[in-house]
Amino acid sequence: MKIRATYLTLFFLIFSVSAKDVITHTASRADGSLISYYLLQNTHDSDTLLLILHGSDCNSVLKIDSIFTAYKNVWPEADILLIEKYGINKDLKYDIATDRKDCPAYYLKKDSPEQRVADIKVVLDIVRKDSKYNKFIVLGGSEGAVIAHLVAANVDDIDATISFNGGGRWFIDDVLDNIA
């Protein structure tokens with residue numbers, strides 16, 4: 001019984017620390033809709049910002065386990081920046097299904113590589129305004145890898161871009177983007 005109580009206490013401590021550290025920030029798009037983003041700051045003052053971009057699924061960036069178990073360790077002392085895709089927020093229940101019925105209509109209509117890059121630029125203008133970050137690293141997997149390269153091509157002062165398993169939501173998007 002004592003062991004269960006200890007594990008339960010540890011669970012609540014870990015959960016409360018995580019919940020406290022994740023604050024939703026918002027920025028406005030030109031169309032008046034909001035971009036949700038999260039700045040997870042290290043316990044010490046970091047001069048490095050690690051932007052982690054998730055793939056093409058219809059899930060909140062906060063619900064992608066690999067971000068918090070592996071990707072954050074790419075640069076452990078960095079502050080982490082996570083940006084939601086158009087129409088998605090942390091309230092969306094996690095679902096691995098690619099054809100999920102509850103995927104927001106705005107996401108299906110408005111999400112595109114160009115929109116994601118535009119959103120990233122808006123958020124970066126806000127986050128980097130105080131010039132706290134001397135180093136800026138972009139990490140993306142799957143569709144996030146494609147977005148990472150687009151960000152590298154469109155944003156100044158990136159120190160490193162890390163991408164893996166690159167590919168878009170649909171193959172035709174990759175083809176059209178390469179043609180453009």
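**First stop: leucine 49**

Select leucine 49 and show what surrounds it. Setting aside residues within four places in sequence, leucine 49 is in contact with Leu39, Asp79, Ile80, Leu81, Leu124, Val127, Arg128, Tyr133, Lys135, Phe136 and Ile137. Keep in mind that this is a predicted model.

Now widen the selection to the largest nonpolar core, which has 21 residues. Leu49 is among the members that touch the most others, along with Leu51, Leu81, Ile83, Ile120 and Val127. To see where this core comes from, colour β2 (34-40), β3 (48-53), β4 (79-83), α4, β5 (135-141) and α5 (143-154): each gives it at least two residues. The largest share, five residues, is from α4. A separate core of 13 residues lies apart from that one; pick out Leu50, Leu62, Ile64 and Ile80, which are among its members.

**Next stop: valine 123**

Go to helix α4, residues 113-127, and click on valine 123. Is valine 123 buried or exposed? It's buried, with a relative accessible area of 0%. Leave out the neighbours within four places in sequence, and its contacts are Ile35, Tyr37, Leu81 and Ile83.

**Last stop: the whole chain**

Zoom out and switch to a cartoon view. You'll find six helices and six strands, running α-β-β-β-α-β-α-α-β-α-β-α from the N terminus. Of the 180 residues in the chain, 36% are buried.

Terms used
Residues are numbered from 1 along each chain as its sequence is written. This is a predicted model: local features need pLDDT of at least 70, side-chain atom pairs count only at pLDDT 80 or more; totals for chains, interfaces and linings use all residues. Side-chain values use heavy atoms; hydrogens and water are left out. Helices (H or I, at least four residues) and strands (E, at least two) are DSSP runs, numbered from the N terminus. Buried means under 20% relative accessible area, exposed over 50%, partly exposed in between (1.4 Å probe, protein chains only). Contact means heavy atoms within 4.5 Å. A nonpolar core is a set of buried Ala, Val, Leu, Ile, Met, Phe, Trp, Tyr and Cys residues joined through side-chain atoms within 4.5 Å.
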